[in-house]
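This report sets out selected features of one protein model, with attention to its strands, its nonpolar cores and its aromatic rings. The sequence and the structure are shown first.

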Amino acid sequence: MPRFRPRLVDVLQDYNKAHLTKDVAAGVTVAVVALPLAMAFAIASGLKPEAGIFTAIIAGFLISALGGSRVQIGGPAGAFIVIVYGIVQQYGVANLIIATALSGVLLFLMGLFKLGTLVRFIPIAVVIGFTNGIAVLIGLSQVKDFLGLRITSMPGDFFGILGALWSHLNTMNPWALGVALGSLGIIVGWQRWAARIPRMKRLLPLGDKLSSVPGSIVALVVATLVVGVFGLPVETIGSKFGGIPAALPAFTLPSFSWESARFLLMPTITLALLGAIESLLCARVADGMIGDRHDPNQELMAQGVANFITPFFGGMPATGTIARTVTNVKSGGTSPISGMVHAVVLLAVILIAAPLAGSIPLACLAAILMFVAWNMGEWSEFTRLRTYRMPYRVTLLAVFFLTVVFDLTVAVQFGIFAACITFIYRISSLSRSEQLTAAKYPDLAGRENQVQAWRLYGALFFGATKLVEALEDHLPPHTLVLDLKNVIYVDSTGAEALENLVSTCRKRGVRLIVSGLMNQPLDIAGRTGLLHTLQEHPADLQPDVAAAVAEALAASPS
(Lines give C-alpha, C1' and ligand atoms only; values in the text may rest on other atoms or scores of the structure.)
Protein backbone atom coordinates (compact mmCIF):
# COMPACT_ATOMS: atom_id res chain seq x y z
CA MET A 1 0.00 0.00 0.00
CA PRO A 2 1.23 3.54 -0.72
CA ARG A 3 2.33 5.89 2.02
CA PHE A 4 0.03 8.78 2.84
CA ARG A 5 2.44 11.53 1.83
CA PRO A 6 0.89 14.77 0.51
CA ARG A 7 2.83 16.65 -2.16
CA LEU A 8 2.87 19.65 0.17
CA VAL A 9 5.40 17.86 2.41
CA ASP A 10 7.92 17.63 -0.44
CA VAL A 11 7.23 21.14 -1.73
CA LEU A 12 7.88 22.82 1.63
CA GLN A 13 11.42 21.43 1.81
CA ASP A 14 12.72 24.08 -0.61
CA TYR A 15 9.95 26.66 -0.32
CA ASN A 16 10.89 30.35 -0.16
CA LYS A 17 9.45 33.86 -0.12
CA ALA A 18 9.41 34.16 -3.90
CA HIS A 19 7.28 31.03 -4.19
CA LEU A 20 4.94 32.34 -1.48
CA THR A 21 4.44 35.63 -3.31
CA LYS A 22 3.49 33.83 -6.53
CA ASP A 23 1.19 31.40 -4.73
CA VAL A 24 -0.66 34.16 -2.86
CA ALA A 25 -1.24 36.11 -6.08
CA ALA A 26 -2.41 32.96 -7.88
CA GLY A 27 -4.63 31.93 -4.97
CA VAL A 28 -6.42 35.29 -4.94
CA THR A 29 -6.97 35.10 -8.70
CA VAL A 30 -8.36 31.56 -8.49
CA ALA A 31 -10.70 32.61 -5.68
CA VAL A 32 -12.12 35.35 -7.90
CA VAL A 33 -12.78 32.76 -10.61
CA ALA A 34 -14.15 30.17 -8.18
CA LEU A 35 -16.70 32.39 -6.40
CA PRO A 36 -19.36 32.67 -9.14
CA LEU A 37 -18.77 29.12 -10.36
CA ALA A 38 -19.21 27.65 -6.89
CA MET A 39 -22.55 29.40 -6.40
CA ALA A 40 -23.75 28.56 -9.90
CA PHE A 41 -22.87 24.86 -9.57
CA ALA A 42 -24.70 24.61 -6.25
CA ILE A 43 -27.85 26.33 -7.51
CA ALA A 44 -27.90 24.18 -10.67
CA SER A 45 -27.60 21.09 -8.45
CA GLY A 46 -30.73 22.00 -6.51
CA LEU A 47 -28.83 23.28 -3.47
CA LYS A 48 -28.37 26.66 -1.84
CA PRO A 49 -25.51 28.82 -3.20
CA GLU A 50 -23.54 28.60 0.04
CA ALA A 51 -23.20 24.82 -0.48
CA GLY A 52 -20.92 25.50 -3.45
CA ILE A 53 -18.89 28.12 -1.57
CA PHE A 54 -18.49 25.91 1.51
CA THR A 55 -17.31 23.10 -0.80
CA ALA A 56 -14.78 25.36 -2.49
CA ILE A 57 -13.48 26.43 0.93
CA ILE A 58 -13.31 23.12 2.79
CA ALA A 59 -12.72 20.64 -0.03
CA GLY A 60 -10.51 23.10 -1.89
CA PHE A 61 -8.26 23.48 1.15
CA LEU A 62 -8.10 19.75 1.92
CA ILE A 63 -7.47 18.66 -1.68
CA SER A 64 -4.58 21.11 -2.02
CA ALA A 65 -3.12 20.35 1.42
CA LEU A 66 -3.35 16.55 1.14
CA GLY A 67 -3.27 15.90 -2.62
CA GLY A 68 -0.66 14.44 -4.91
CA SER A 69 -0.47 17.34 -7.37
CA ARG A 70 1.45 20.59 -7.02
CA VAL A 71 -1.11 22.89 -8.58
CA GLN A 72 -4.50 21.19 -8.79
CA ILE A 73 -7.46 23.18 -7.43
CA GLY A 74 -10.38 21.25 -5.96
CA GLY A 75 -13.99 22.24 -5.49
CA PRO A 76 -17.49 21.77 -6.89
CA ALA A 77 -17.55 20.79 -10.56
CA GLY A 78 -20.07 20.98 -13.37
CA ALA A 79 -19.79 17.25 -13.99
CA PHE A 80 -21.59 16.58 -10.69
CA ILE A 81 -24.61 18.79 -11.39
CA VAL A 82 -26.72 16.13 -13.08
CA ILE A 83 -25.99 13.44 -10.48
CA VAL A 84 -26.39 15.71 -7.46
CA TYR A 85 -29.64 17.18 -8.77
CA GLY A 86 -31.03 13.69 -9.30
CA ILE A 87 -30.07 12.57 -5.78
CA VAL A 88 -31.55 15.69 -4.19
CA GLN A 89 -34.81 15.39 -6.13
CA GLN A 90 -35.23 11.67 -5.48
CA TYR A 91 -33.74 11.12 -2.04
CA GLY A 92 -33.28 14.54 -0.42
CA VAL A 93 -30.30 16.51 0.87
CA ALA A 94 -29.77 14.19 3.86
CA ASN A 95 -29.09 11.25 1.57
CA LEU A 96 -26.86 13.41 -0.63
CA ILE A 97 -24.69 13.91 2.46
CA ILE A 98 -24.56 10.15 3.00
CA ALA A 99 -23.82 9.38 -0.67
CA THR A 100 -21.08 12.00 -0.83
CA ALA A 101 -19.44 10.76 2.37
CA LEU A 102 -19.57 7.14 1.17
CA SER A 103 -18.07 8.17 -2.17
CA GLY A 104 -15.26 9.75 -0.16
CA VAL A 105 -14.64 6.42 1.54
CA LEU A 106 -14.53 4.67 -1.84
CA LEU A 107 -12.13 7.26 -3.25
CA PHE A 108 -9.80 6.87 -0.26
CA LEU A 109 -9.84 3.08 -0.62
CA MET A 110 -9.14 3.38 -4.36
CA GLY A 111 -6.04 5.40 -3.58
CA LEU A 112 -5.06 3.18 -0.66
CA PHE A 113 -5.12 0.06 -2.84
CA LYS A 114 -3.28 1.79 -5.72
CA LEU A 115 -6.21 1.89 -8.12
CA GLY A 116 -5.37 5.38 -9.32
CA THR A 117 -3.73 4.09 -12.48
CA LEU A 118 -6.76 1.94 -13.35
CA VAL A 119 -8.89 5.03 -13.95
CA ARG A 120 -6.76 5.68 -17.03
CA PHE A 121 -8.06 2.46 -18.54
CA ILE A 122 -11.47 4.03 -19.15
CA PRO A 123 -11.57 4.59 -22.94
CA ILE A 124 -11.42 8.15 -24.23
CA ALA A 125 -14.63 7.58 -26.22
CA VAL A 126 -16.49 6.99 -22.95
CA VAL A 127 -14.95 10.07 -21.30
CA ILE A 128 -15.76 12.35 -24.26
CA GLY A 129 -19.26 10.91 -24.61
CA PHE A 130 -20.36 11.52 -21.05
CA THR A 131 -18.49 14.84 -20.80
CA ASN A 132 -20.36 16.20 -23.82
CA GLY A 133 -23.60 14.70 -22.52
CA ILE A 134 -23.17 16.38 -19.14
CA ALA A 135 -22.41 19.67 -20.89
CA VAL A 136 -25.72 19.44 -22.79
CA LEU A 137 -27.62 18.69 -19.59
CA ILE A 138 -25.96 21.58 -17.74
CA GLY A 139 -26.89 23.97 -20.54
CA LEU A 140 -30.44 22.62 -20.66
CA SER A 141 -30.84 22.95 -16.90
CA GLN A 142 -30.00 26.67 -17.11
CA VAL A 143 -32.64 27.55 -19.70
CA LYS A 144 -35.17 28.18 -16.90
CA ASP A 145 -33.15 30.95 -15.22
CA PHE A 146 -31.72 32.17 -18.54
CA LEU A 147 -35.25 32.91 -19.76
CA GLY A 148 -36.62 33.74 -16.33
CA LEU A 149 -39.35 31.09 -16.54
CA ARG A 150 -41.68 30.67 -13.56
CA ILE A 151 -41.25 26.96 -12.84
CA THR A 152 -41.75 25.92 -9.23
CA SER A 153 -39.91 22.58 -9.46
CA MET A 154 -37.82 21.32 -12.36
CA PRO A 155 -37.97 17.58 -13.19
CA GLY A 156 -34.74 15.62 -13.16
CA ASP A 157 -35.13 13.68 -16.41
CA PHE A 158 -34.44 14.90 -19.95
CA PHE A 159 -37.96 14.64 -21.33
CA GLY A 160 -39.43 16.05 -18.13
CA ILE A 161 -37.16 19.10 -18.40
CA LEU A 162 -38.13 19.64 -22.05
CA GLY A 163 -41.81 19.34 -21.18
CA ALA A 164 -41.58 21.78 -18.28
CA LEU A 165 -39.67 24.34 -20.34
CA TRP A 166 -42.11 24.08 -23.25
CA SER A 167 -45.21 24.34 -21.09
CA HIS A 168 -43.89 27.43 -19.27
CA LEU A 169 -42.49 29.38 -22.21
CA ASN A 170 -45.36 31.85 -21.85
CA THR A 171 -43.94 32.91 -18.48
CA MET A 172 -40.65 34.14 -19.96
CA ASN A 173 -39.24 37.26 -18.30
CA PRO A 174 -37.73 39.56 -20.99
CA TRP A 175 -35.72 41.41 -18.35
CA ALA A 176 -34.11 38.19 -17.19
CA LEU A 177 -33.37 37.22 -20.79
CA GLY A 178 -31.77 40.61 -21.37
CA VAL A 179 -29.59 40.28 -18.27
CA ALA A 180 -28.57 36.75 -19.30
CA LEU A 181 -27.72 37.73 -22.88
CA GLY A 182 -25.80 40.78 -21.70
CA SER A 183 -23.87 38.68 -19.17
CA LEU A 184 -23.06 36.05 -21.78
CA GLY A 185 -21.87 38.74 -24.18
CA ILE A 186 -19.57 40.22 -21.53
CA ILE A 187 -18.15 36.80 -20.62
CA VAL A 188 -17.46 35.84 -24.23
CA GLY A 189 -16.05 39.20 -25.28
CA TRP A 190 -14.15 40.38 -22.21
CA GLN A 191 -10.95 38.36 -22.52
CA ARG A 192 -10.91 38.82 -26.30
CA TRP A 193 -11.38 42.57 -26.32
CA ALA A 194 -10.12 43.84 -22.96
CA ALA A 195 -6.43 43.80 -23.89
CA ARG A 196 -7.20 45.65 -27.14
CA ILE A 197 -8.93 48.63 -25.56
CA PRO A 198 -6.56 51.60 -26.11
CA ARG A 199 -7.52 53.23 -22.82
CA MET A 200 -6.41 50.14 -20.90
CA LYS A 201 -3.10 50.05 -22.75
CA ARG A 202 -2.44 53.70 -21.89
CA LEU A 203 -3.18 52.92 -18.24
CA LEU A 204 -0.48 50.22 -18.02
CA PRO A 205 0.13 48.35 -15.84
CA LEU A 206 -3.52 48.81 -14.78
CA GLY A 207 -4.69 47.80 -18.26
CA ASP A 208 -2.93 44.48 -18.02
CA LYS A 209 -4.41 43.90 -14.58
CA LEU A 210 -7.92 44.59 -15.84
CA SER A 211 -7.48 42.36 -18.87
CA SER A 212 -6.56 39.45 -16.60
CA VAL A 213 -9.81 39.69 -14.61
CA PRO A 214 -12.13 36.78 -15.52
CA GLY A 215 -15.07 37.68 -17.71
CA SER A 216 -17.43 35.90 -15.31
CA ILE A 217 -16.53 38.33 -12.52
CA VAL A 218 -16.99 41.34 -14.81
CA ALA A 219 -20.39 40.01 -15.89
CA LEU A 220 -21.35 39.31 -12.27
CA VAL A 221 -20.49 42.83 -11.13
CA VAL A 222 -22.10 44.58 -14.11
CA ALA A 223 -25.30 42.49 -13.98
CA THR A 224 -25.67 42.98 -10.23
CA LEU A 225 -25.19 46.75 -10.53
CA VAL A 226 -27.61 47.05 -13.43
CA VAL A 227 -30.31 45.05 -11.68
CA GLY A 228 -29.82 46.96 -8.43
CA VAL A 229 -29.63 50.47 -9.90
CA PHE A 230 -32.57 50.10 -12.27
CA GLY A 231 -34.60 47.82 -10.03
CA LEU A 232 -35.17 45.23 -12.75
CA PRO A 233 -37.81 42.61 -11.92
CA VAL A 234 -35.54 39.55 -12.04
CA GLU A 235 -34.94 36.78 -9.53
CA THR A 236 -31.82 37.10 -7.38
CA ILE A 237 -30.02 34.95 -4.84
CA GLY A 238 -31.61 37.01 -2.08
CA SER A 239 -35.17 36.72 -3.41
CA LYS A 240 -34.91 32.96 -3.92
CA PHE A 241 -32.57 31.76 -1.16
CA GLY A 242 -32.61 34.62 1.32
CA GLY A 243 -28.96 35.45 0.67
CA ILE A 244 -25.79 33.75 1.87
CA PRO A 245 -25.02 33.40 5.59
CA ALA A 246 -22.01 35.43 6.74
CA ALA A 247 -20.80 32.71 9.07
CA LEU A 248 -18.70 29.57 9.15
CA PRO A 249 -20.46 26.37 8.10
CA ALA A 250 -21.83 24.32 10.99
CA PHE A 251 -21.35 20.60 11.47
CA THR A 252 -24.51 18.66 10.60
CA LEU A 253 -25.37 14.99 10.91
CA PRO A 254 -28.05 13.81 8.47
CA SER A 255 -31.10 11.87 9.56
CA PHE A 256 -30.36 8.36 8.35
CA SER A 257 -33.17 6.42 6.70
CA TRP A 258 -32.41 2.92 5.49
CA GLU A 259 -35.48 2.92 3.25
CA SER A 260 -33.90 5.58 1.03
CA ALA A 261 -30.20 5.11 1.79
CA ARG A 262 -30.20 1.52 0.55
CA PHE A 263 -30.85 2.84 -2.95
CA LEU A 264 -27.73 5.02 -2.88
CA LEU A 265 -25.24 2.34 -3.95
CA MET A 266 -25.15 3.24 -7.65
CA PRO A 267 -25.20 7.04 -7.07
CA THR A 268 -22.35 6.61 -4.58
CA ILE A 269 -20.28 4.56 -7.02
CA THR A 270 -21.04 7.05 -9.79
CA LEU A 271 -19.92 9.98 -7.64
CA ALA A 272 -16.70 8.16 -6.71
CA LEU A 273 -15.85 7.10 -10.27
CA LEU A 274 -16.69 10.48 -11.77
CA GLY A 275 -14.71 12.24 -9.07
CA ALA A 276 -11.72 9.97 -9.68
CA ILE A 277 -11.86 10.44 -13.46
CA GLU A 278 -12.28 14.22 -13.27
CA SER A 279 -9.52 14.74 -10.69
CA LEU A 280 -6.95 12.52 -12.39
CA LEU A 281 -7.67 13.92 -15.86
CA CYS A 282 -7.30 17.40 -14.42
CA ALA A 283 -4.03 16.44 -12.71
CA ARG A 284 -2.69 15.08 -16.02
CA VAL A 285 -3.54 18.36 -17.74
CA ALA A 286 -1.71 20.23 -14.99
CA ASP A 287 1.31 17.93 -15.31
CA GLY A 288 1.57 18.79 -19.00
CA MET A 289 1.49 22.51 -18.23
CA ILE A 290 4.16 22.54 -15.50
CA GLY A 291 6.29 19.56 -16.55
CA ASP A 292 5.60 17.58 -13.41
CA ARG A 293 4.09 14.20 -12.52
CA HIS A 294 1.38 13.83 -9.90
CA ASP A 295 0.82 10.90 -7.54
CA PRO A 296 -2.59 9.49 -8.59
CA ASN A 297 -3.06 7.37 -5.48
CA GLN A 298 -2.28 10.22 -3.10
CA GLU A 299 -4.63 12.42 -5.11
CA LEU A 300 -7.47 9.91 -4.74
CA MET A 301 -6.87 9.62 -1.00
CA ALA A 302 -7.02 13.41 -0.68
CA GLN A 303 -10.22 13.50 -2.73
CA GLY A 304 -11.62 10.83 -0.42
CA VAL A 305 -10.84 12.79 2.74
CA ALA A 306 -12.33 15.97 1.25
CA ASN A 307 -15.54 14.29 0.10
CA PHE A 308 -15.98 12.52 3.43
CA ILE A 309 -15.63 15.69 5.53
CA THR A 310 -17.19 18.40 3.34
CA PRO A 311 -20.83 17.19 3.21
CA PHE A 312 -21.11 17.28 7.00
CA PHE A 313 -20.42 21.04 6.81
CA GLY A 314 -23.05 21.85 4.23
CA GLY A 315 -20.97 21.05 1.17
CA MET A 316 -21.48 18.99 -1.98
CA PRO A 317 -19.28 16.53 -3.93
CA ALA A 318 -15.90 17.91 -4.95
CA THR A 319 -13.15 17.00 -7.38
CA GLY A 320 -10.25 18.52 -9.28
CA THR A 321 -11.43 21.33 -11.58
CA ILE A 322 -9.71 21.98 -14.88
CA ALA A 323 -10.73 25.62 -15.35
CA ARG A 324 -9.54 26.72 -11.90
CA THR A 325 -6.40 24.58 -12.11
CA VAL A 326 -5.45 26.12 -15.46
CA THR A 327 -6.11 29.57 -14.00
CA ASN A 328 -3.85 28.71 -11.08
CA VAL A 329 -1.01 27.64 -13.37
CA LYS A 330 -1.35 30.65 -15.68
CA SER A 331 -1.44 32.96 -12.66
CA GLY A 332 1.93 31.68 -11.44
CA GLY A 333 0.91 29.08 -8.85
CA THR A 334 3.84 26.85 -7.95
CA SER A 335 2.65 24.70 -5.06
CA PRO A 336 -0.41 23.50 -3.11
CA ILE A 337 -0.14 26.72 -1.08
CA SER A 338 -1.96 28.59 -3.88
CA GLY A 339 -4.96 26.26 -3.57
CA MET A 340 -5.00 26.72 0.20
CA VAL A 341 -4.83 30.50 -0.23
CA HIS A 342 -7.78 30.36 -2.65
CA ALA A 343 -9.84 28.61 0.03
CA VAL A 344 -8.85 31.15 2.71
CA VAL A 345 -9.74 34.06 0.41
CA LEU A 346 -13.19 32.55 -0.24
CA LEU A 347 -13.68 32.18 3.51
CA ALA A 348 -12.83 35.86 3.97
CA VAL A 349 -15.34 36.80 1.27
CA ILE A 350 -18.05 34.82 3.08
CA LEU A 351 -17.33 36.48 6.42
CA ILE A 352 -17.01 40.02 5.05
CA ALA A 353 -19.01 40.42 1.86
CA ALA A 354 -21.75 37.78 2.06
CA PRO A 355 -24.64 40.32 2.17
CA LEU A 356 -23.61 41.65 -1.25
CA ALA A 357 -24.18 38.24 -2.82
CA GLY A 358 -27.92 38.47 -2.23
CA SER A 359 -28.23 40.96 -5.10
CA ILE A 360 -26.66 38.67 -7.73
CA PRO A 361 -29.27 37.86 -10.44
CA LEU A 362 -29.82 34.18 -11.20
CA ALA A 363 -29.95 34.99 -14.92
CA CYS A 364 -26.28 36.05 -14.75
CA LEU A 365 -25.29 32.81 -13.01
CA ALA A 366 -27.22 30.89 -15.69
CA ALA A 367 -25.20 32.68 -18.37
CA ILE A 368 -21.96 31.78 -16.58
CA LEU A 369 -22.97 28.12 -16.48
CA MET A 370 -24.00 28.21 -20.15
CA PHE A 371 -20.49 29.40 -20.96
CA VAL A 372 -18.96 26.73 -18.72
CA ALA A 373 -21.05 24.03 -20.40
CA TRP A 374 -19.97 25.16 -23.86
CA ASN A 375 -16.28 25.11 -22.92
CA MET A 376 -16.68 21.84 -21.04
CA GLY A 377 -17.76 19.89 -24.13
CA GLU A 378 -15.31 18.63 -26.73
CA TRP A 379 -17.61 19.37 -29.68
CA SER A 380 -14.90 19.05 -32.32
CA GLU A 381 -14.82 15.30 -31.61
CA PHE A 382 -18.21 14.97 -33.33
CA THR A 383 -16.82 16.38 -36.58
CA ARG A 384 -13.83 14.04 -36.36
CA LEU A 385 -15.92 10.90 -35.89
CA ARG A 386 -15.69 10.01 -39.57
CA THR A 387 -11.93 9.50 -39.19
CA TYR A 388 -12.42 6.78 -36.55
CA ARG A 389 -13.57 3.18 -36.79
CA MET A 390 -17.22 2.24 -36.32
CA PRO A 391 -16.84 0.83 -32.74
CA TYR A 392 -15.37 4.15 -31.54
CA ARG A 393 -18.20 6.11 -33.17
CA VAL A 394 -20.90 3.86 -31.75
CA THR A 395 -19.41 3.95 -28.24
CA LEU A 396 -19.01 7.75 -28.13
CA LEU A 397 -22.44 8.51 -29.60
CA ALA A 398 -24.20 5.88 -27.48
CA VAL A 399 -22.63 7.18 -24.25
CA PHE A 400 -23.52 10.73 -25.26
CA PHE A 401 -27.18 10.00 -25.98
CA LEU A 402 -27.59 7.70 -22.97
CA THR A 403 -26.14 10.42 -20.72
CA VAL A 404 -28.50 13.05 -22.09
CA VAL A 405 -31.68 11.00 -22.41
CA PHE A 406 -31.40 8.42 -19.63
CA ASP A 407 -28.74 8.42 -16.93
CA LEU A 408 -25.02 8.94 -16.53
CA THR A 409 -24.61 5.65 -14.66
CA VAL A 410 -26.26 3.69 -17.46
CA ALA A 411 -24.18 5.55 -20.04
CA VAL A 412 -20.84 4.81 -18.38
CA GLN A 413 -21.78 1.17 -17.78
CA PHE A 414 -22.75 0.74 -21.43
CA GLY A 415 -19.65 2.60 -22.61
CA ILE A 416 -17.25 0.46 -20.61
CA PHE A 417 -19.09 -2.71 -21.66
CA ALA A 418 -19.00 -1.71 -25.34
CA ALA A 419 -15.32 -0.76 -25.08
CA CYS A 420 -14.50 -4.13 -23.48
CA ILE A 421 -16.33 -6.04 -26.21
CA THR A 422 -14.57 -3.98 -28.88
CA PHE A 423 -11.20 -4.54 -27.24
CA ILE A 424 -11.77 -8.29 -26.97
CA TYR A 425 -12.81 -8.47 -30.62
CA ARG A 426 -9.83 -6.41 -31.79
CA ILE A 427 -7.30 -8.43 -29.78
CA SER A 428 -8.83 -11.73 -30.89
CA SER A 429 -8.66 -10.60 -34.52
CA LEU A 430 -4.96 -9.80 -34.08
CA SER A 431 -4.27 -13.32 -32.79
CA ARG A 432 -3.64 -15.69 -35.70
CA SER A 433 -2.09 -18.97 -36.72
CA GLU A 434 0.29 -19.74 -39.57
CA GLN A 435 1.27 -23.13 -40.99
CA LEU A 436 5.01 -23.62 -41.45
CA THR A 437 5.64 -25.12 -44.87
CA ALA A 438 8.55 -26.56 -46.77
CA ALA A 439 9.32 -23.08 -48.05
CA LYS A 440 10.65 -22.22 -44.58
CA TYR A 441 11.69 -25.70 -43.49
CA PRO A 442 12.83 -27.71 -46.56
CA ASP A 443 13.01 -30.94 -44.55
CA LEU A 444 9.20 -30.91 -44.42
CA ALA A 445 9.01 -31.37 -48.19
CA GLY A 446 7.14 -34.57 -48.99
CA ARG A 447 6.41 -35.23 -45.32
CA GLU A 448 3.58 -32.71 -44.76
CA ASN A 449 0.98 -35.46 -44.99
CA GLN A 450 2.43 -36.92 -41.78
CA VAL A 451 3.83 -33.89 -39.92
CA GLN A 452 2.29 -30.43 -39.56
CA ALA A 453 3.94 -27.41 -37.96
CA TRP A 454 1.92 -24.37 -36.84
CA ARG A 455 2.99 -21.05 -35.33
CA LEU A 456 0.60 -18.98 -33.19
CA TYR A 457 0.78 -15.18 -32.87
CA GLY A 458 -0.68 -12.71 -30.35
CA ALA A 459 -2.64 -13.57 -27.22
CA LEU A 460 -4.18 -16.95 -26.56
CA PHE A 461 -7.10 -15.96 -24.34
CA PHE A 462 -10.80 -16.76 -24.08
CA GLY A 463 -11.54 -14.76 -27.21
CA ALA A 464 -8.95 -16.54 -29.35
CA THR A 465 -9.23 -20.21 -28.37
CA LYS A 466 -10.76 -20.88 -31.80
CA LEU A 467 -7.19 -21.06 -33.11
CA VAL A 468 -6.44 -24.12 -30.96
CA GLU A 469 -9.87 -25.63 -31.59
CA ALA A 470 -9.24 -25.41 -35.33
CA LEU A 471 -6.05 -27.44 -34.88
CA GLU A 472 -8.04 -30.12 -33.00
CA ASP A 473 -10.43 -30.43 -35.93
CA HIS A 474 -7.66 -31.02 -38.49
CA LEU A 475 -4.98 -33.07 -36.77
CA PRO A 476 -2.27 -34.71 -38.90
CA PRO A 477 -1.96 -38.52 -38.77
CA HIS A 478 1.40 -38.61 -36.97
CA THR A 479 2.91 -35.44 -35.41
CA LEU A 480 1.79 -31.87 -34.69
CA VAL A 481 4.40 -29.19 -33.94
CA LEU A 482 3.11 -26.10 -32.15
CA ASP A 483 5.37 -23.03 -32.00
CA LEU A 484 4.35 -20.56 -29.25
CA LYS A 485 7.37 -18.25 -29.45
CA ASN A 486 5.23 -15.33 -30.70
CA VAL A 487 2.44 -15.84 -28.16
CA ILE A 488 2.81 -13.02 -25.62
CA TYR A 489 -0.04 -13.93 -23.28
CA VAL A 490 -2.04 -17.01 -22.31
CA ASP A 491 -4.97 -16.85 -19.88
CA SER A 492 -6.54 -19.75 -17.98
CA THR A 493 -8.99 -20.42 -20.81
CA GLY A 494 -6.16 -20.51 -23.32
CA ALA A 495 -4.20 -22.88 -21.09
CA GLU A 496 -7.26 -25.11 -20.81
CA ALA A 497 -7.58 -25.11 -24.61
CA LEU A 498 -3.95 -26.28 -24.88
CA GLU A 499 -4.58 -29.00 -22.29
CA ASN A 500 -7.58 -30.17 -24.33
CA LEU A 501 -5.38 -30.22 -27.43
CA VAL A 502 -2.82 -32.39 -25.59
CA SER A 503 -5.60 -34.76 -24.48
CA THR A 504 -7.13 -34.96 -27.97
CA CYS A 505 -3.77 -35.67 -29.58
CA ARG A 506 -3.05 -38.52 -27.15
CA LYS A 507 -6.50 -40.05 -27.67
CA ARG A 508 -5.99 -40.04 -31.44
CA GLY A 509 -2.41 -41.26 -31.28
CA VAL A 510 -0.96 -37.98 -32.58
CA ARG A 511 2.29 -36.78 -31.10
CA LEU A 512 2.28 -33.12 -29.99
CA ILE A 513 5.58 -31.24 -29.74
CA VAL A 514 5.46 -27.75 -28.22
CA SER A 515 8.24 -25.17 -28.64
CA GLY A 516 8.92 -21.55 -27.74
CA LEU A 517 7.19 -21.34 -24.33
CA MET A 518 8.58 -18.14 -22.80
CA ASN A 519 7.83 -15.62 -20.06
CA GLN A 520 4.12 -15.35 -19.18
CA PRO A 521 2.97 -18.37 -21.28
CA LEU A 522 5.63 -20.50 -19.57
CA ASP A 523 4.50 -19.25 -16.16
CA ILE A 524 0.79 -20.00 -16.76
CA ALA A 525 1.72 -23.41 -18.19
CA GLY A 526 3.56 -24.18 -14.96
CA ARG A 527 0.74 -22.98 -12.70
CA THR A 528 -2.03 -24.82 -14.56
CA GLY A 529 -0.19 -28.16 -14.79
CA LEU A 530 0.22 -27.98 -18.59
CA LEU A 531 3.99 -27.82 -18.30
CA HIS A 532 4.04 -30.91 -16.07
CA THR A 533 1.94 -32.80 -18.63
CA LEU A 534 4.31 -31.89 -21.44
CA GLN A 535 7.37 -32.78 -19.34
CA GLU A 536 6.13 -36.38 -18.96
CA HIS A 537 7.69 -36.85 -22.40
CA PRO A 538 10.74 -34.55 -22.42
CA ALA A 539 11.19 -34.73 -26.19
CA ASP A 540 7.72 -33.20 -26.61
CA LEU A 541 8.94 -29.88 -25.18
CA GLN A 542 11.57 -28.16 -27.35
CA PRO A 543 13.30 -24.77 -26.97
CA ASP A 544 12.67 -23.62 -30.56
CA VAL A 545 10.66 -24.63 -33.59
CA ALA A 546 13.68 -25.81 -35.60
CA ALA A 547 14.52 -28.39 -32.94
CA ALA A 548 10.83 -29.33 -32.69
CA VAL A 549 10.55 -29.93 -36.45
CA ALA A 550 13.77 -31.96 -36.48
CA GLU A 551 12.47 -34.11 -33.59
CA ALA A 552 9.12 -34.61 -35.35
CA LEU A 553 10.73 -35.66 -38.62
CA ALA A 554 13.15 -38.00 -36.92
CA ALA A 555 10.33 -39.87 -35.17
CA SER A 556 7.83 -39.90 -38.03
CA PRO A 557 7.72 -42.51 -40.83
CA SER A 558 9.55 -41.37 -43.98
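Setting aside neighbours within four places in sequence, Thr465 is in contact with Leu460, Thr493, Gly494 and Ala497. The model discussed here is predicted. Thr465 lies in the loop between β4 and α23. Its relative accessible area is 11%, and because the cut-off for a buried residue is under 20%, Thr465 counts as buried.

A contrasting case is His474, placed in the loop between α23 and β5. His474 has a relative accessibility of 58% and counts as exposed. Along the chain, His474 and Thr493 are 19 residues apart, and their C-alpha atoms are separated by 21 Å.

**Strands and crossovers**

Strand β4 (residues 451-460) runs parallel to strand β5 (residues 479-490), and 9 bridges join them. Within this pairing, Gln452 has Leu480 of β5 as its bridge partner. Together with helix α23 (residues 466-473), β4 and β5 make a β-α-β unit that is right-handed.

On to the next strand, β5 pairs with strand β6 (residues 511-515), again in the parallel sense, over 5 bridges. Here Leu482 is bridged to Val514 in β6. The chain passes from β5 to β6 through helix α24 (residues 492-507), and this β-α-β crossover is right-handed.

One further side-chain arrangement involves Arg432, whose charged end sits over the ring of Tyr457 at 4.1 Å from the ring centre.

In soluble globular proteins, nonpolar side chains tend to be buried together. The largest nonpolar core in this model has 107 residues, and the members that touch the most others are Leu47, Phe130, Ile134, Ile237, Ile244, Leu274 and Leu365. Helix α2 (residues 17-44) gives the most to this core, contributing 11 residues. With its neighbours within four places in sequence left aside, Ile237 is in contact with residues including Met39, Ile43, Pro49, Ile244, Ala357, Leu362 and Leu365.

**Aromatic rings**

How many aromatic pairs does a search of the whole structure find? The search finds 11.

Phe400 is buried, with a relative accessible area of 11%. Phe382 is partly exposed at 26% relative accessibility, and Phe401 is partly exposed with a relative accessible area of 49%. Ring pairs link Phe382, Phe400 and Phe401 with Trp374 and Trp379 into a cluster.

Conventions
Residues numbered from 1 in each chain as written. Predicted model: local features only at pLDDT ≥ 70, side-chain atom pairs only at ≥ 80, totals over all residues. Heavy atoms only, no water. Phe/Tyr/Trp six-rings, centres within 6.5 Å; stacked < 30°, edge-to-face > 60°. Buried < 20%, exposed > 50% of the residue type's maximum accessible area, 1.4 Å probe, protein only. Lys NZ or Arg CZ within 6 Å of the ring centre and 35° of its normal. Core = buried A, V, L, I, M, F, W, Y, C linked by side-chain atoms within 4.5 Å. Helix = DSSP H or I, 4+ residues; strand = E, 2+ residues; numbered from the N terminus. Contact = heavy atoms within 4.5 Å. Pairing = 2+ DSSP bridges. Right-handed = clockwise from strand over helix to strand, strands pointing away.
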